[in-house]
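Open the viewer and get ready to select residues.

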Protein chains: 2
Amino acid sequence: MKRPRPSWNPTDIRGLARLISRVENRDPGTLATLAQMHDAQHGAHRLGMTGPPGAGKSTLVDQLIRRFRESGERVAVLAIDPSSPFSGGALLGDRIRMQTHAGDDGVYIRSIGSRGARGGLAQAARAITEIFDAYGYDRILIETVGVGQSEFDIMELADTTLVILVPEAGDTVQTLKAGLLEIADGFVVNKGDRPGADAMAQALAAMIALDAHGDHPIQEEHDAAHRVTRETIASPSSATGAWAIPVLTTTALTGDGIDRLYATIRAHQSWMAHHPAASEKKRAVRRAAFYTLCATLWLERVEQAVADNPALARIVDAIARGKANPYDMAQKILAQCATS
Amino acid sequence: MKRPRPSWNPTDIRGLARLISRVENRDPGTLATLAQMHDAQHGAHRLGMTGPPGAGKSTLVDQLIRRFRESGERVAVLAIDPSSPFSGGALLGDRIRMQTHAGDDGVYIRSIGSRGARGGLAQAARAITEIFDAYGYDRILIETVGVGQSEFDIMELADTTLVILVPEAGDTVQTLKAGLLEIADGFVVNKGDRPGADAMAQALAAMIALDAHGDHPIQEEHDAAHRVTRETIASPSSATGAWAIPVLTTTALTGDGIDRLYATIRAHQSWMAHHPAASEKKRAVRRAAFYTLCATLWLERVEQAVADNPALARIVDAIARGKANPYDMAQKILAQCATS
């Protein structure tokens, strides 16, 4: 699609920061810019890293940034901060990295607080990675702490998703089994110098092998992606060039295992670039993202209508006081709208 | 609002199960029923229980069900299963309870798998609790495993939210600090017979006291609720009858501390019923839920339009292949719609 020359300047870092803030604050005006950004992307690699609290993700990210820089890659990090689901804030690890890489203009780090409201977080995160991409960063790290559904949603943004665990994370693995296998392109057992690291790595490998032969009910829509992933796992050595989920052990504090991790990331990146299963996954994700975007736009429209229309505002107040039926009202608002 | 006699029968448990499945599967036809259900609610108490994997929530829920039954309360449990973010499934703890309370028609237990797609989970959970309420259950337990953003969203459904931790959960507490304080009406240190239980309880109490005097940036919209909560915490002994977040220790396996937990739940329930801060919180939550509902309805509308319109379907495919701009398309679809 032809477009006028973008109104933003890739070297303008302060502009970048402002733009991200506008996205974070859901400033409706940003949308036109985002549409431009979308077409200006050059295909940066998105690396998602998630795992339970205390897995040492921040240190690991720090090490990976260093490694990426050694290869001359420009790196942008989006750290999603769970310590402030409702009130903003900055990750401690974020601050650490800020210092480590201060003055290196090949590294940009931004943390956003999880916004509680209406799944807007995955939406904002997607937009921000598109902005990073358009700004010419080669690697985009998306870091979330936690292993809830929202982390899974966010990880859909990633071309490559690493699940970071520690030797003690047995409970997490047991509880999230299927979920972890659905999102992980690789497992990292960090703090690998602790007792139990090998046992955890073996448990994960066993879980992967088991899943490869297991047969879960599969949710229709939305998961062509994951279905494919499972099939490819099911035949790790097959001629289809399938991706077999690796389990790596690292000690982020000392840097042990970082080079192998880096090589694995590169390997998955090129697998993603060439394997049909990968492109099918990306299609499913892009489709889901489009619908989310539609919902978000509608929501802004409705909120605007309520802000502009006192009668509507009174009804919403009644709903808030439990005096009116939200279903009826939501449908009435929709009914006023005639889509083809 | 006057309505025709409901088309469902509160004693028809199989009908209840079918209805919940329809909600889970986003069967559009359910909406009219949900609108009726909404008005048929009699004000059941919603008790949310969340916490990291391995905190023993299922056993605790099991004990609470027993306690509620002793008081002659009818109990419905909605267990949200994180082990299957994309592929459905049932909690182990769920199965245990199924057996424990089998044959007791005063207990209904249902688990739903976390659906990855577009934050539909909180939406479905809300609808299901409304159904339980309309079916005349007195206590509705909402159980989620995990401490991610989605768990926080779901906990907004609850009148009373308990965060369940174990003596070893130090990392979780450190990472989620602010988040935990935003949602918790009470903390439970379960597995209280383990070493470190008292230390954890004291750490939580200290965190609560600190937060009461701290001053976080507060997110405009959506959190009148939490602002109020914080203020009330800030003056636990004040004349405003504020709610001071308690920290309880339990050992679910033996039943230790369950009676005190039950008493605390009752206490918060009546506080919610009378304190203005509580009603302000409920208003903020109802308002947010209404907007989510609007977004969901719009999404169904758009998906239907795409299904019915081959030209539209082709564009969505192009978006999925990365060949078309989702922002442009989403706005075009919205533009076709003229809301007041």
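A helix here is a DSSP run of at least four residues, numbered from the N terminus. Keep in mind that this is a predicted model.

**Stop 1: inside chain A**

Select residues 120-134 of chain A. This is helix H5, and Thr129(A) is found in it. Is Thr129(A) buried or exposed? Its relative accessibility is 1%, and buried means under 20%, so Thr129(A) counts as buried.

Now show the side chain of Thr129(A). It reaches the backbone oxygen of Arg126(A) at 2.6 Å. Next, look for partners beyond four places in sequence. Thr129(A) is in contact there with Arg46(A), Leu78(A), Ile140(A) and Ile142(A).

**Stop 2: two helices from two chains**

The crossing is right-handed.

Which residues meet here? From H11(A), select Lys282(A), Arg283(A), Arg286(A), Arg287(A), Phe290(A) and Tyr291(A).

**Stop 3: one arginine up close**

Stay on H11 of chain A and pick Arg287(A), which is found in that helix. What does Arg287(A) touch, leaving out residues up to four places away in sequence? The list is Val316(B), Asp317(B) and Ala320(B). With 28% relative accessibility, Arg287(A) counts as partly exposed.

How values were computed
Residues numbered from 1 in each chain as written. Chains lettered and ligands numbered in written order. Predicted model: local features only at pLDDT ≥ 70, side-chain atom pairs only at ≥ 80, totals over all residues. Heavy atoms only, no water. Left-handed = near helix turned anticlockwise from the far one by under 90°. Contact = heavy atoms within 4.5 Å. Buried < 20%, exposed > 50% of the residue type's maximum accessible area, 1.4 Å probe, protein only. Polar contact = N/O pair within 3.5 Å; in protein donor to acceptor, adjacent residues only side chain to side chain.
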